[in-house]
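Please look over the following sequence and structure. An explanation for a reader new to them comes after.

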Amino acid sequence: HGSDGMKQFLLYQPKRSLQTVGGDVAQLETLVKSLGASPVKDSTAAIARKSYAEKANVVAMVDVARLLGNGIKIAAREQVIPAGASDAIDNLKLQPSFMGGSITCEPTAVSAQFEVPAVQAQGIAKIVTTIMMLRMQ
């Protein structure tokens with residue numbers, strides 16, 4: 001993680017907090033700029049967010065399929081796994097989607113919600129199948 005160790009940067013804003021791990025302040029600035037430039041109303045994340053309670057205290061969403069796919073592509077680039085794995089992941093054409101959950105605290109109740117969209121489950125299944133096929137070669 002470098003001579004200075006792993007650095008973590010946090011930025012607290014009125015309606016959100018942002019965090020980067022590793023890198024420098026420039027990466028945090030890039031994150032802030034990218035959030036301001038994205039069309040929030042129509043983004044996949046914004047659409048997924050609408051399925052959770054509007055006033056949830058905590059909402060967590062993760063695109064596991066594409067996260068795994070990107071991890072495999074990085075491993076192929078670094079020659080930890082065969083280079084063909086990157087092309088195999090690209091050929092899957094994984095669609096953005098988010099599995100996630102929310103927690104809402106009210107004066108006399110707490111509610112929780114967890115969702116796994118079919119597209120997310122299908123993407124994970126495609127990756128697992130591709131990995132199994134690559135291991136057989």
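The model is a predicted one.

The largest nonpolar core has eight residues, namely Ala65, Ile72, Ala76, Ala85, Ile89, Leu92, Leu94 and Ile127. Two elements give two or more residues to this core: helix H3, which covers 64-77, and helix H4, which covers 84-92. One member of the core, Ile89, shows how its surroundings are built. With residues up to four places away in sequence set aside, Ile89 touches Gly69, Ile72, Lys73 and Ile127. Of these, Ile72 and Ile127 are themselves listed in the core.

After H4 comes Lys93, and the phi of Lys93 is positive, near 50°.

Helix H5 also holds Gln120. Is Gln120 buried or exposed? With a relative accessibility of 0%, Gln120 counts as buried, because the limit for that class is under 20%. Apart from neighbours within four places in sequence, Gln120 is in contact with Val62, Asp63, Val64, Ala65, Ser97, Phe98 and Met99.

The charged side chains form the next topic. Side chains of opposite charge can pair when their charged atoms come close. The count of salt bridges in this model comes to three. In one of them, the side chains of Lys73 and Asp90 meet at 2.7 Å, N to O. Lys73 lies in helix H3 and Asp90 in helix H4, so this pair ties together parts that are 17 residues apart in sequence. Lys73 is partly exposed, with a relative accessible area of 27%, and Asp90 is partly exposed as well, at 39%.

Another salt bridge joins the side chains of Asp63 and Arg66, at 2.6 Å from N to O. Asp63 is buried, with a relative accessible area of 9%, whereas Arg66 counts as partly exposed at 34%. Asp63 is also one of the residues in contact with Gln120. Arg66 is found in helix H3. When residues up to four places away in sequence are not counted, Arg66 touches Leu94, Gln95 and Pro96.

Arg77 counts as exposed, at 59% relative accessibility.

Ser102 is found in strand S4, which covers residues 99-105. What places Ser102 in the buried class? Its relative accessible area is 5%, and buried means under 20%. Leaving aside its neighbours within four places in sequence, Ser102 is in contact with Tyr52, Ala53, Ala56, Val58, Val59, Ser111, Ala112 and Gln113. One of these, Val58, has its place in strand S3, residues 58-62.

Val58 leads on to the surface. Its relative accessibility is 47%, and Val58 therefore counts as partly exposed. Together with Ile103 and Val110, Val58 forms a nonpolar patch on the surface, with about 270 Å² of accessible area in total.

The last stop is the loop between strand S5, which spans 110-115, and H5, where Val116 lies. Val116 is partly exposed, with a relative accessible area of 41%. With neighbours within four places in sequence left aside, Val116 is in contact with Met99 and Ala121. Met99 is also listed among the contacts of Gln120. Val116 and Ser97 are 19 residues apart in sequence, and their C-alpha atoms are 9.1 Å apart in space.

Methods
Residues numbered from 1 in each chain as written. Predicted model: local features only at pLDDT ≥ 70, side-chain atom pairs only at ≥ 80, totals over all residues. Heavy atoms only, no water. Core = buried A, V, L, I, M, F, W, Y, C linked by side-chain atoms within 4.5 Å. Buried < 20%, exposed > 50% of the residue type's maximum accessible area, 1.4 Å probe, protein only. Helix = DSSP H or I, 4+ residues; strand = E, 2+ residues; numbered from the N terminus. Contact = heavy atoms within 4.5 Å. Salt bridge = Lys/Arg side-chain N within 4 Å of Asp/Glu carboxyl O. Patch = residues over 30% accessible without salt bridge, like charges linked within 9 Å, V, L, I, M, F, W, Y side chains within 5 Å. Areas by Shrake-Rupley, 256 points an atom, 1.4 Å probe, with all protein chains shown as cover.
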